[in-house]
Amino acid sequence: MIKSLALALSAVLIAGTAVAAPAPQMGISSFAQLSTPLPFPYDETADADVAVAKAKAQARAEHKLLLIDLGGNWCGDCRVLAGTMERPELKAFVDQHYVLVSVDIGRMTKNLQIPGHYGVDPKKGGVPNLLIVNPHTDKLIDADHTAALEDARHMTPQALADWLAQWTS
């Protein structure tokens, strides 16, 4: 009973009210304004299972959402996403609401057990593929929307920030 109450309280702390946090106002209007070279965000030698478990524990302890970024350093949209999330205004927002872990899935050939755990097949949607997870329940929050940013370079930086903000409610 106490454990159930604690989980329920944790879910409320993560979810907050039904209103999402407002997205930060991006200081750039185009990805062409990002600092170059764009980052290579995925550690190709990392133990993805360990990295995700550590990030999940941190998110649980800090009452934040877990943001699992699946992609590859070969992917232009993945690198645009990473460069945009490094912008100070969006980095502060992400740091306030999420614990971010980037997982290299190569060319959809490795670490597929991570999305598979949440019922996601990135081969059907592409990358970047973002899994937003409640770390207390281990449930995917953005089901059916994980590949929404696979064409990130055709969005605006503000649209990308708005997309990330919508899940913080």
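The lining of the largest pocket in this predicted model comprises 7 nonpolar, 2 polar and 4 charged residues. The volume of this pocket is about 230 Å³. Of the 13 lining residues, Met85, Lys91, Val94, Asp95 and Leu100 are the closest to the pocket centre. Helix α3, helix α4 and strand β2 each contribute at least two residues to the lining, and the largest share, 4 residues, is supplied by β2.

The protein contains 6 helices and 4 strands, arranged along the sequence in the pattern α-α-β-α-α-β-α-β-β-α. Among contacts with a sequence separation of 6 or more, 75% are formed by residues 24 or more positions apart.

Helix α3 (76–85) is mostly covered, with 9 of its 10 residues buried. These buried residues are Asp77, Cys78, Arg79, Val80, Leu81, Ala82, Gly83, Thr84 and Met85. The elements covering them include β1, α4, β2, β3 and α6.

Helix α4 spans residues 88–97, and its buried residues are Glu89, Leu90, Phe93, Val94 and His97. These residues lie on the same side of α4, because they cover an arc of only 125 degrees around the axis. Such an arrangement can be related to helix geometry: an α-helix has 3.6 residues a turn, so residues three or four places apart point the same way. The other side of α4 carries the exposed residues Pro88 and Gln96. The buried residues of α4 pack against β1 (65–71), α3 (76–85), β2 (98–104) and α6 (157–165).

Within α4, Phe93 has a relative accessible area of 6% and is therefore classed as buried. When residues up to four places away in sequence are not counted, Phe93 touches Ala21, Pro22, Ala23, Pro24, Tyr98, Leu164, Ala165 and Thr168. Leu164 is 71 residues from Phe93 along the chain, and the C-alpha atoms of the two residues are separated by 9.2 Å.

Backbone geometry was considered next. Most residues other than glycine have a negative phi, and most peptide bonds are trans. Two cis peptide bonds are described here. One joins Thr36 and Pro37, with omega of about 0 degrees; Pro37 is located in the loop between α1 (2–15) and α2 (48–62). Another cis bond leads from Val127 to Pro128, with omega near 0 degrees, and Pro128 is placed in the loop between α5 (113–117) and β3.

Positive phi values occur at Asp138, at about 60 degrees, and at Asp144, at about 70 degrees, although neither residue is a glycine. Asp138 lies in the loop between β3 and β4 (139–140) and has a relative accessibility of 22%, so this residue counts as partly exposed. Asp144 is in the loop between β4 and α6; with a relative accessible area of 80%, Asp144 is exposed.

Strand β3 covers residues 129–134 and includes Asn134. The relative accessibility of Asn134 is 10%, and the residue therefore counts as buried. A polar atom of the Asn134 side chain lies 3.3 Å from the backbone nitrogen of Thr137.

Methods: Residues are numbered from 1 along each chain as its sequence is written. Side-chain values use heavy atoms; hydrogens and water are left out. Buried means under 20% relative accessible area, exposed over 50%, partly exposed in between (1.4 Å probe, protein chains only). A polar contact is a pair of N or O atoms within 3.5 Å; within protein, one must be able to donate a hydrogen and the other to accept it, and residues adjacent in sequence count only if both atoms are side-chain atoms. The arc is that of the directions from the helix axis to the C-beta atoms. Contact means heavy atoms within 4.5 Å. On a 1 Å grid over the protein atoms alone, a cavity is a set of points where a 1.4 Å probe fits but cannot get out, and a pocket is an open set with protein on both sides within 12 Å along at least five of seven lines; lining residues have an atom within 4 Å of a point. Grid points are joined across faces, edges and corners, and a volume is the space filled by probe spheres set on the points. Ala, Val, Leu, Ile, Met, Phe, Trp, Tyr, Cys and Pro count as nonpolar, Asp, Glu, Lys and Arg as charged, and the others, Gly among them, as polar.
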